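Student: I have a structure to look at and would like to go through it step by step. Can we start once it is on the screen?

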Amino acid sequence: MRGEELKGHLDALLLAALEDGPRHGYAVIEALRETTGGRLDLPTGTIYPALRRLEVAGLITGSWSVVGGRRRREYQLTSAGSRSLSGKRAGWQDFAAMISGALEGRPCPRPA
Amino acid sequence: MSQASLIADYLTVLSAQLPAPLVEELADGLDETHQHYLTQGLTPGAAACAAVAEFGEPQVIVAAFTRLSPARHAARRLLAAGPVVGGCWAAALITGRAWTWPVPATVRLLFGAGLITVIGLLAAAAFGRRYLSARRAGAVACAGITVLDGVMLIAVVLAIPVLIWPVILAAAASAARLTFTAQALRAVLTG
């Protein structure tokens, strides 16, 4: 899946990758690779500005640590980020159910 | 080209256009990517090529960070607030008959030149495509706004015998902008 198809979903993917605990940029990329079965075709370098954008928005927070003598920036979800992820997840599930229903010719279950 | 020089060249391109902490984080990620390919059995040279290719075009990364730059955001807000504060001062100066104030022509000219320079710097920071240039322009513009607002506030205290409401409103607008500018300047310098 290419970057253009991910527009609008990248934030949710990044937030989900941080749901299990703090991760640095490359670990976020690895988590995305793992959860998408390696089908995510996104220039790795573009993940870092996206993480920065989420940090500016207050959805994640970053902190520096030293690993092997090298400084590394780790990110973790804020409470606002957790709420945002829940909202995005629910929105996606509704959207996916609607599109699946339309494509398969069956009625879409109404959201509760 | 050796793998070390390939990665070093890539980071040099980024270093010339982004602040050190951002480059440091990208360097860590690039090194991790390189290590990932080495563990997959690629030669060091091939792993470096693959890592650089996976990271993507440096200009795309720089452009993405520039769009998020604190200088750009601060400059756009200050440009948006400029007509409001300027309008308040225009009303205050007309109401207070500013042309009768004992302000030397040289000072008036210097103030006008300073104002035009600050607007130009804000535009450069708000719409520039280079992170570091936008940061420099934004920082100087913030400092310039501080000086200009400070001069206006001092002029009000020294030159106007009786405070009238348009002047009070304009002074309050300048004081609010000074507060915002101080916070923005800190973000611009650290961002």
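**Burial, shape and contacts**

Student: What percentage of the 191 residues of chain B count as buried?
Tutor: This is a predicted model, in which local features need pLDDT of at least 70 and side-chain atom pairs count only at pLDDT 80 or more, while totals for chains, interfaces and linings use all residues. Residues are numbered from 1 along each chain as its sequence is written, and chains are lettered from A and ligands numbered from 1 in the order in which they are written. A residue is buried if 20 or more other C-beta atoms, placed from the backbone, lie within 10 Å of its own, exposed if 12 or fewer, and partly exposed in between. Of the 191 residues of chain B, the buried part is 33%.

Student: What is the radius of gyration of chain B?
Tutor: The radius is taken over C-alpha atoms, and the globule rule is 2.2 Å times the number of residues to the power 0.38. For a compact globule of 191 residues the value would be near 16 Å. The C-alpha trace of chain B spans about 80 × 25 × 20 Å along its principal axes. The radius of gyration of chain B is 24 Å.

Student: How many helices does chain B have?
Tutor: Helices (H or I, at least four residues) and strands (E, at least two) are DSSP runs, numbered from the N terminus. Chain B has 0 strands, and its elements run α-α-α-α-α-α-α-α from the N terminus on. The number of helices in chain B is 8.

Student: What distance separates the centres of domain 1 and domain 2 of chain B?
Tutor: Domain bounds come from an automatic or database domain assignment, which for chain B gives domain 1 (3–65) and domain 2 (69–190). In contact (C-beta atoms, placed from the backbone, within 7 Å) are 5 residues of domain 1 of chain B and 5 residues of domain 2 of chain B. Taken over C-alpha atoms, the centres of these two domains of chain B are separated by 41 Å.

Student: Is Val118(B) buried or exposed?
Tutor: Val118(B) has its place in helix α6 (residues 105–127) of chain B. Not counting residues up to four places away in sequence, Val118(B) touches Ala141(B), Gly144(B), Ile145(B) and Leu148(B). Because 21 other C-beta atoms lie within 10 Å, Val118(B) is buried.

Student: Which element gives the largest share of the side of chain A that touches chain B?
Tutor: Between the chains, 15 residues of chain A are in contact with 15 residues of chain B. On the chain A side, two or more residues each come from α3 (25–35), α4 (47–56) and β3 (70–77) of chain A. With 5 residues, the largest share is that of α4(A).

Student: Which residues of α4(A) make the contact with α2(A)?
Tutor: The axes of helix α2 (residues 10–17) of chain A and α4(A) come within 11 Å and cross at roughly 85 degrees. Angles of 65 to 115 degrees count as roughly perpendicular, so α2(A) and α4(A) are roughly perpendicular to each other. On the α2(A) side the contact is made by Leu10(A), Asp11(A) and Leu14(A), and on the α4(A) side by Ala50(A), Leu51(A) and Leu54(A).

Student: How many strands does chain A have?
Tutor: From the N terminus on, the elements of chain A run α-α-β-α-α-β-β-α. Chain A has 5 helices, and its number of strands is 3.

Note on methods
Contact = placed C-beta atoms within 7 Å. Axes fitted to C-alpha atoms, helices over the stretch in contact; angles between N-to-C directions. Parallel < 35°, antiparallel > 145°, perpendicular 65-115°, else oblique.
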